[in-house]
Amino acid sequence: MEIMDNGAETLGLSLREMEVLNRTAEGKTNLEISSILGIRERTVEKHLESVYKKLGVNTRTGAVILFLNKDVSHGATAEPVILKKVRR
């Protein structure tokens, strides 16, 4: 996924926060994100904490769902992402 510059503005995030959120949506761990971006893992955690607060969510999953529903990675309106519980 590539981040569009206006995507950050759409969600009220900094470009770095969008970069971290984009990598999170790709399924990367905090350690992987820190390695890719050349920053400390703790810095990634802090960026995600800020993202959660700005988006009004409490979890990584919530942030990714909102990100995908806004579809700022492609600059268009996406179909809503709906998660279903699967019984085992």
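What percentage of the 88 residues in the chain do buried residues make up? Buried residues make up 33% of them, where buried means under 20% relative accessible area with a 1.4 Å probe, protein chains only.

## Model and numbering

This is a predicted model, in which local features need pLDDT of at least 70 and side-chain atom pairs count only at pLDDT 80 or more, while totals for chains, interfaces and linings use all residues. Residues are numbered from 1 along each chain as its sequence is written, and side-chain values use heavy atoms, leaving out hydrogens and water.

## Elements of the chain

The chain has five helices and zero strands. Helices (H or I, at least four residues) and strands (E, at least two) are DSSP runs, numbered from the N terminus.

## The helix α4

The end C-alpha atoms of α4 are 21 Å apart, which agrees with the 21 Å that its 15 residues should span at 1.5 Å a residue; the expected span is 1.5 Å times one less than the number of residues.

In α4, the buried residues are V44, H47, L48, V51, Y52 and L55. They lie on the same side of α4, because they cover an arc of only 140° around the axis, taken from the directions from the helix axis to the C-beta atoms. Just after α4, G56 has a positive phi of about 70°.

## The nonpolar core

The largest nonpolar core contains 18 residues. Such a core is a set of buried Ala, Val, Leu, Ile, Met, Phe, Trp, Tyr and Cys residues joined through side-chain atoms within 4.5 Å. L11, L13, L21, L55 and A63 have the most contacts inside this core.

Two or more residues each come from α2 (15-25), α3 (30-37), α4 (41-55) and α5 (60-70). The most come from α4, with five residues.

Conventions
Buried < 20%, exposed > 50% of the residue type's maximum accessible area, 1.4 Å probe, protein only.
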